[in-house]
Amino acid sequence: MREKKVWSFRAAILVAAVIVAIIMVNQYMRSIEAELKNEMQVTLHDVAEQTSTILRREIESEQDLLVGLAKELAQMDPENEEIIMETLKPLAEIYHLKRLGIIDSQGIAYTTDGYVQDIGFREFYRKAMEGKQVVSDVIIDTIGEKENINVFSVPIYDKTNEVAGVLFATFQTSKFRELMNVESFGGRGYSYVVKRDGTVIADSKLAAMYGAENMFTVIRNYDPSNKEAVEQMMAYAEKDESGFGSYRYEGERYYYCMPLNLTSETENGVEGGQWYVFTIVPAEVLNERLNPIMYDVQRMIVVMIVILVAAVLLYLLSYQERRRELMKLAYVDPLTEGDNYVCFVHKITEKKNLSGYLVSMDMGEFKIINSTCGIAKGDEVLRCIWGIICNNIREQELAAHVNADRFVLYLQRENREKLVELLVALKQEITALSVQLNVPKAVPYYGIYEVTKTEPVEQLYSFANQAKQLVKGRRDRCYCFYEEVDYEQILRNKELEDNFDEALKTRQFEVWYQPKFDTQNSKIVGAEALVRWRRADGTMVSPGSFIPLFEKNGMIARLDEYVFETVCSQQKRWEREGKPMMPISINISRVSLYYAHVASKYKKIRDDYDLDSRYVQLEITESATINNSDIQKLIRQFHEAGFELLLDDFGVGYSSLASLNTMKFDTLKLDKSLIDYIGNDSGEKLLYYTIRLAKSLGLKITAEGVEQETQVNFLRKHQCDNIQGFYFSRPLPLSEFEKLVA
Ligand code: C2E
Ligand code: MG
Ligand code: MG
C-alpha cells in the first residue's frame, strides 16, 4: 500500500513537472509571439506613417504650387484665358502635371492641353469657389485618355479679394501608387488610401492586385467573420484615430489605420472628407518569423525532454538498485537467500481475505547436527530444508526462514487432510537428508493455525507456535492444530511459573526418596531423590507437571540446586544423628548443565555441608549426553569434584551403546521402557547384551521401573546390581523413608 502511494506521489510530481514545463514553454512562446506582434505593429505603424507622410507632402506641395500660381493669376485679367494658358502650359510640363486649367465663374474650364468644357457641376469646382483648397475623389478623366485622376483646385481671388475663378491641376492617380510603394515586410506589405466610407483613393502596387473599389466592402465579403473587423476599421475612420486590427483573408491579415491628416486648410477641401492610409500585412509573415524561433524552441524542448527522461531513468535505475539492496538487507534471509520473517509478515499482510494455514515449523534435536557435524554442515542442512520447502509449496503460498532451525509457512490447501499430506511429505524428504548429507536425523515438527479471518501475523504465528510446543519431541506425531492446545494447561503453566520463587522461599518443594535395592539380597543400598511440589493449598504436584516447564524457562537450574542442597543437608543431619548412611542420587537436568561452573558449584555446596562425596550422586539423562557437546569435559569435572555419575533413562530415545564407552559414567540406569521388554525374546536379548556390555565396561547397573517379580528374577539372573521400582517401593516422603531405613 505504502509502496503504491509513494509511486503515485512520484508520478504526480513528474506529471506536475511536465505540466509546469509545458506551461512555461507555452508562456515563453506566447511572449515571443506577442513581442513579434508588437514589433510588427510598430513596423505597420511606421510604414503607414511613412506612406501618409509621403502622400501628404506630395498633396501639400501640389496645393502650395497651385496657391502660388493662383496668386500670380490674380494679377492677370481673368477673361484673357489665352494668355493665362500660355503662362500655365510650361508649368504643367515642368511639374509633370497632366494638365493645368482655370475655371471661370460660369463653370467653364480652360485647360493647358486646349480643352474648353463646362465642369460647373464638379464638387472640386464648387468647393474652390467657396474659397477652399480641394483634392477631388478619384474621377475618370473625360478629356483625352480615359484614366483615373485626382484634381487639385484652389480659388483665384480678384483684386477685391472675391473668388473670381478656380485654378486646377489634374493629377494622375497612378502617381500616388508610385509614391505608396514603400518597401515593407520583404515586399509582403501593402497600403490603401481610402475615404471614410472605404472608397479606395489610391493603392500600392501589391494592393492593386486585390483590386478593390471599396476596401470595407471587399474585406467584408472576404469572410463573414470580418464584419466586426470592418466595424472596427470604420470606427477608427469615424473618430479619425490610428489603430491596429486584423481580419481574415487567406489566413489572417493585420492592418494599421492612420488618418492622412492633411493641413487643416487642405483637409477642408478634401472631397468626401478625411483620407486614411491602411497598411496591411498577412499574418503568415509573422509566422514566418516566428517559425524559426519555434523550431529552435521545439528542438530545445526535445533536447530538454531527452535529458530529463535520461536523468529520471538514471535516477530510477540507481534508486531501484539501492532499493534492491535495501530490500535484500531487510527482506532476504542471509542463510537461505529466500524470504526472511520480516518479508513473510510483509507479504502476508498484503494478502486480502486470508484463508489458509499458518504453520510454524521446527527441527527436533537440530542442535545435534550443529554439535556433531559443525555449524557449516548445519547451515547446509538448513539450506536443503529450505529447498525442499520451496519445491513443495505453491505459487501463492509463502514460506520464510525465521531463525536457527525455525521456519514459518502460509499454506493454502483444500482441507486439513491435504495439508497434513503435504507436511508429512515434507517430513519424509527432510528426514531423508540425513542419509544424503551423512548427518544425524533432523525431524520437523509443525504447529498449525487455521486462518479464517485477518489477524495480526504475529498473533497467528504465536498460535502456531503454541500448537507446535505440544508435539515437539514426540515420536508418534509431528503436527498439531491449534485447537488441540490446552488453554487450561497454558494458564496452569503460567501460574506455576509465577509461583516458583515463592515456592522456593517457603520450601513448598519436598524431596521424596525412592529406595534402591540390592538385586541379590533385596537390601536397601541407596535412594533416588525425587522432587514434589506441595502447593500452598496442600495439593501435591508431581515433577512431570513442572519439570519440563522449568526446563523450558531455565528455572530448573535453581530447583536442582535446591534439591541437591536439601539432600546434602538431610544426609548431614542423618550423619550427625548416627543414622545408617547410604548414597542418594539427585537428578540434574540437562538444562542445568549448560550453566557455567556447574561441577564446582555442586562441589562447593557439598563441601559447605562437609559431606563425604560418596553420599551424593548425580543422575544425568541420556539425552543430555547427546545435546551438550562438552559432556566429556563435564563428566571429567564432576569426577574431579568427587561425584559418582549415573546415566539416567538409558534406553529412551537415542540409545547408543557406543556412547557408553566414550562417556565415563559410573552407573547405568536402565529405563523402565527397557525393563518392560522382559518377557519378550528379542527385548530380553537386547537387555542381556546391554547388561553384558555395561558390565564389561566396568559400569554398575540399576534397573528402574521394576514392577513385577518376573522382572526381578530376570535381573537377578543376569547380574543387574540394583533395582528401583514399585515392586519394592514407591518414592516415599522423608518420614516414611526414614522409617523404612530404620
Ligand atoms: P527419573 O529420574 O527417571 O525418576 C524415576 C521416575 O520413575 C520417578 O518418577 C519414579 O516415581 C518413577 N518410577 C520409579 N519406579 C517406578 C515403577 O516401578 N513404575 C513406574 N511406573 N514408575 C516408577 P517421578 O518421581 O514422577 O519423576 C519423574 C521424572 O522427573 C524423573 O525421572 C526425573 O527425570 C524428573 N525429576 C524428578 N525430580 C527431579 C529433580 O529434582 N530434578 C530434576 N532435574 N528432575 C527431576
Ligand atoms: Mg532419575
Ligand atoms: Mg530414570
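**Exercise 1: the ligand and its shell**

Task: identify which side chain has an N or O atom 2.8 Å from a nitrogen atom of ligand 1, and then describe the shell around ligand 1.

Solution. The side chain is that of Asp560, where an N or O atom lies 2.8 Å from a nitrogen atom of ligand 1, a polar contact being a pair of N or O atoms within 3.5 Å. An oxygen atom of ligand 1 is likewise 2.8 Å from an N or O atom in the side chain of Asp648, and for the side chain of Glu704 the distance from an oxygen atom of ligand 1 is 3.1 Å. Of the 790 Å² that ligand 1 exposes when taken alone, the protein buries 80% (accessible areas by the Shrake-Rupley method with a 1.4 Å probe).

Turning to the shell, 23 residues surround ligand 1, with Glu528, Asp560, Asp648, Glu707 and Phe726 the closest (a residue is near if one of its heavy atoms lies within 4 Å). They divide into nine nonpolar, five polar and nine charged residues. The largest share, four residues, comes from β19.

This is a predicted model, in which local features need pLDDT of at least 70 and side-chain atom pairs count only at pLDDT 80 or more, while totals for chains, interfaces and linings use all residues. Residues are numbered from 1 along each chain as written, chains are lettered from A and ligands numbered from 1 in the order written, and side-chain values use heavy atoms, without hydrogens and water.

**Exercise 2: two helix pairs**

Task: determine at what angle α15 and α16 pack, and at what angle α10 and α14 pack.

Solution. Helix α15 (residues 487–505) packs against α16 at about 70°, with the axes 11 Å apart; the two are therefore roughly perpendicular (angles of 65 to 115 degrees). In this contact (heavy atoms within 4.5 Å), Asn493, Leu496, Glu497 and Phe500 of α15 meet Ser545, Phe546, Leu549, Phe550 and Asn553 of α16, a set that divides into five nonpolar, three polar and one charged.

For helix α10 (residues 341–350) and helix α14 (residues 457–469), the angle is about 115° and the axes are 10 Å apart, so that α10 and α14 are also roughly perpendicular to each other. Tyr341, Phe344, Val345, Ile348 and Thr349 of α10 make the contact with Val457, Glu458 and Tyr461 of α14.

Key:
Polar contact = N/O pair within 3.5 Å; in protein donor to acceptor, adjacent residues only side chain to side chain. Nonpolar A, V, L, I, M, F, W, Y, C, P; charged D, E, K, R; others polar. Axes fitted to C-alpha atoms, helices over the stretch in contact; angles between N-to-C directions. Parallel < 35°, antiparallel > 145°, perpendicular 65-115°, else oblique.
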